[in-house]
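Subject: Structure handover

Hi,

Here is the structure for you to look over. Please open it alongside the notes below.

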Amino acid sequence: MSRSEPRITLITRPGCHLCEVAREAVARVATQTGDEWVEWDVTTDLELERDFGERLPVVLLDGREHGYWRVEEDRLLADLRRPT
């Protein structure tokens, strides 16, 4: 992952209630740390759908899976504050 890419990626699906909650949680954390984040929709990518479709939303941190279904805000915040 290049430095220009956001550290946080949220993988979601349209119409997913947990995804909406996760989006709000990620936005809160990113506001606190100043980190950028990006959202990917599994319906636009067959590989993402295969990898993550059954357990959305998924949070990736620096390209690695950080968690799914629920955003652990305190843990994500702590991990973002650790030096990379």
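The model is predicted.

Helix pair. H1 (residues 17-33) packs on H3 (residues 73-81) at an angle of about 35°. Their axes lie 10 Å apart. The crossing is right-handed. From H1, the contact takes in Ala25, Arg28, Val29, Gln32 and Thr33. From H3, the partners are Glu73, Leu76, Leu77, Leu80 and Arg81. By class, the residues of this contact are five nonpolar, two polar and three charged.

Faces of H3. Leu76, Leu77, Asp79 and Leu80 are the buried residues of H3. Viewed down the helix axis, they fall within an arc of 165°, so they line one face of H3. Asp74 and Arg81 are exposed, on the face turned away from the buried side.

- The Leu56 to Pro57 peptide bond is cis, with omega near -5°. Pro57 sits in the loop between helix H2 (46-52) and E3.
- Asp62 is not a glycine, yet its phi is positive, about 55°. Asp62 is in the loop between E3 and E4. Asp62 is partly exposed, with a relative accessible area of 23%.
- Trp69, also a residue other than glycine, has a positive phi near 70°. Trp69 belongs to the loop between E4 and H3. Its relative accessible area is 42%, which makes Trp69 partly exposed.

Best wishes

Methods. Residues numbered from 1 in each chain as written. Predicted model: local features only at pLDDT ≥ 70, side-chain atom pairs only at ≥ 80, totals over all residues. Heavy atoms only, no water. Axes fitted to C-alpha atoms, helices over the stretch in contact; angles between N-to-C directions. Helix = DSSP H or I, 4+ residues; strand = E, 2+ residues; numbered from the N terminus. Left-handed = near helix turned anticlockwise from the far one by under 90°. Contact = heavy atoms within 4.5 Å. Nonpolar A, V, L, I, M, F, W, Y, C, P; charged D, E, K, R; others polar. Buried < 20%, exposed > 50% of the residue type's maximum accessible area, 1.4 Å probe, protein only. Arc of directions from axis to C-beta.
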